[in-house]
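Q: I'd like a close look at one spot in the packing of this protein. Here is the model I have in mind.

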Amino acid sequence: MFGRRQGSGYLLAPNVVLTAAHVVGDCDAPSVIVPGGSGRVRCRVAWARDDDRRCDAALLVAERDLVPPRTAEAFEPLVWGRAYDLRAWPGAQAIGYPQVQRDAGGELDTEQVLGTLKPGSNLLSGRHVLDSEYGAPGAPGAPGDGGSPWAGMSGAAVFVDGLLAGVVCADPNGWRHGRLTVTPAATLWSEFSFLSECLLAGHKPESRSLASPRQLEIEAFERRLRDYVVEKSGELTIIGLTLSDGEGETWPLDAAYLSLELTGAARPEARSEGTCADGGRRAVPSPQRAEEALAGHRRVLLRGAAGSGKTTLLQWLATTTARGDLPPGLGHLSGCMPLMLPLRTLIRRGSLPQPEEFLAAAAGPLAGVPAAQGWVTGRLNEGTALLLIDGVDEVPEADRRRTLAWVKDLLAAYPDARYVITTRPSAVREGWLSDAGFTELELLPMSRGDVLAFIDRWHTAAGQEHSERLRTFKESLSAAVVAKRDLGRLATNPLMCALICALNRSRRGYLPHGRMELYRAALDLLLIRRDREREIEVGLEGPELEQAQTALLQKIAYWLIRNGRAEIEWHKAVEILDRALPAMPAVAAKGGAEDILRHLVVRSGLLRQPTSETLDFIHRTFQDYLGAQAAVDDWDFDLLVNHAHDDQWEDVLRMAVGHAPPRARAELLHKLLERGDAEDANRHRLHLLAAACLEQVAEVDPDVRTRVEKAAAELVPPRDTQSAKALAEAGRIVLDLLPGPEGLSDEVAHAVVVAATTVADDRAIPLLSRYATHPSRQVRAQLAWAWDRFDTDHYAHAVIGRLPYDDGLAFVVKNSAHEDALRRLGGRPEVWFRGTSGGGGPKD
């Protein structure tokens, strides 16, 4: 290896070389020769660190492969070895090209150094040492200038029992050339940037320990745990995938997972600019795919609406981390062990778990393995545990302060661990964990390209490769979500897209209108039609139970809502049904409460058993829908309104308004407005909720509608992004209330544009056109990014074509139609490609 001086190196991949950083030095074009390879090849330095004490290593990427393909195919899988204790390791070896091996003719040859690797030496500096079994090289081979005979050995890889344990970096003074210092593998594994560059270059790092018997036992346990995590988290439940008993509704995560877009919660000015290579500033669209948005972040608070894919994203993180199959941006998670902690289950147990109880929550069957004793604490201490804490919104509001204290205790005790926490946006305030160093990210509504990709994957999972009819359904639905704006506005998250796909197939292309109708049809599909359409014998149920099962499920759902729970114990669910059955004699004649509950779990497709002793709904949305109907049936309007400030009740109240008949609907909205008028602290939230309820229904008393719209108008214009998104929940009615840009501050103008683009109705285009020439690049970046939410050509003409870009504004292209439209506009100098478009991009 040739840099500032000659050294040695090790081939990690056909074009990737590990060496010592001081050998490369300040050389702009280091080069490498591999015996039997393709000659001397120039390299670029992908990563290097030389701090004179702890680390001296570099990663080089060659311009072309350094060995022939046949040689590369014969490479054994490389595994790194990390020392976890101070045990000395005899039999260590390194092969390199020291000067002592240069013959009289100047030809250089290899030397294999055998010795003992000592992690306990140089503890303060952090480097290991390799003591040679044979002492120093003989004097005749040493350089005449008194330098080290080992010169040229730097960069050689040190192996112990076939594991790459470090990189030779120096011949220390005082040991008469009988010792070499080594940068340990563990040091490189602690460097996020090193691991990321390895992944980018094509080397997938994998490590084991230089192990004592106890460590070998732990590694065997960890292999079992990784396999368990992959199997448990490696499947998705795809609603409506089959019309059977639900057993076929899981699909491998690898095939079904769709990476969605996330955006940061930081101030847009801070995230909408980047630095060009020439030092200038340019606008960078903030939304990124999940793996890009999460890159490098050790602590993340992930917000997302119901059904937006929060838990699915955690499943993907768990499986990819457990497999070690991470994309380059997530190299900081290499070597981590993921633990999924569902708060909905943990909070039910009373006190939240302590670290050594995490394993019981994440992988209960393995918690009793002897090697598990103290394992979680050890992982947390060394910073290689990835805690995936799911569902802050599913913790009752009264318990959230306790949950926050629990999280902060973990952070104080284990600051180096990795944390990803999920919640619905309204459950906790913005910046809830910002003082603890958390990056806040939010899952965005699915773009049109994402929706089309989801439709294709759903139909692939359903078997479109072998069914012409399914392919026809997919093509007609794909066309409909683009052409029919109302349908496109419903298809904004994975849950809604799955329901739409299932109903489109079941109803042979005839879809219901509106969100409430969609949920109603989905329940009909899951509860009744799929058994009928597959001609499954109803057995226990008969027509009586078939008709009553919705009412029984409503009672369970409403109990969960009233008690602020997401799970219910089996025996309590039995008691609820037992109390309901006397009013249903025909159903009671079919069997006892426990038999009927067991039947609902097996046949309904809505209930599942996380454990043998508990039940929950397959998605919180179905619980809220069913519970809302029960509340309306019981005329519990005061209870609904008294809890309207609680984010856990927001969707329940919206759906209750949708369920209620017109007169009851008017009464409910009237009570909601009255409470908002009476409580200054909750006024904005309650009035916005009333406005959002209008989106669920077609018929509302005119006087009540006028009062709701007037209350919403007082909240316009929105003052920030969070209030803009809340306002957009009211739907199209806000478009008539939003002002033009005249007289607004940049922040308020941005909030107005966020609200209008979130509503995503073509009626917003004339308003958005007025903002196209706004001086704030933040405002124009939002307009450019939201193109795919509107009719391509109309928006291109009215908005995209009018956006100034002389300050470096980037245009976001998400499909080929965008690309064609932008080309017709003459191209733009800065174009970001997202989604399905893969062209080179139109240019000026």
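Leaving aside its neighbours within four places in sequence, which residues is Leu 606 in contact with?

A: A word on the model before the answer. This is a predicted model, where local features need pLDDT of at least 70, side-chain atom pairs count only at pLDDT 80 or more, and totals for chains, interfaces and linings use all residues. Residues are numbered from 1 along each chain as its sequence is written, and side-chain values use heavy atoms, with hydrogens and water left out.

Now to your leucine. With contact meaning heavy atoms within 4.5 Å, and sequence neighbours within four places left aside, Leu 606 touches Leu 523, Leu 526, Leu 527, Leu 553, Asp 616, Phe 617, Ile 618, Phe 622 and Leu 626. Leu 606 also sits in the largest nonpolar core, which has 218 residues; Ile 556, Leu 606 and Tyr 795 are those with the most contacts inside that core. A nonpolar core here is a set of buried Ala, Val, Leu, Ile, Met, Phe, Trp, Tyr and Cys residues joined through side-chain atoms within 4.5 Å. Buried means under 20% relative accessible area, exposed over 50%, and partly exposed in between, using a 1.4 Å probe and protein chains only. In soluble globular proteins, nonpolar side chains tend to be buried together.

There's also a second, separate core of 23 residues, with Ala 13, Ala 46, Leu 78 and Val 167 among them.

Take Cys 43: its nearest cysteine sulfur, on Cys 27, is 9.8 Å away, and Cys 43 counts as buried at 6% relative accessibility.

Technical notes:
Disulfide = S-S within 2.5 Å.
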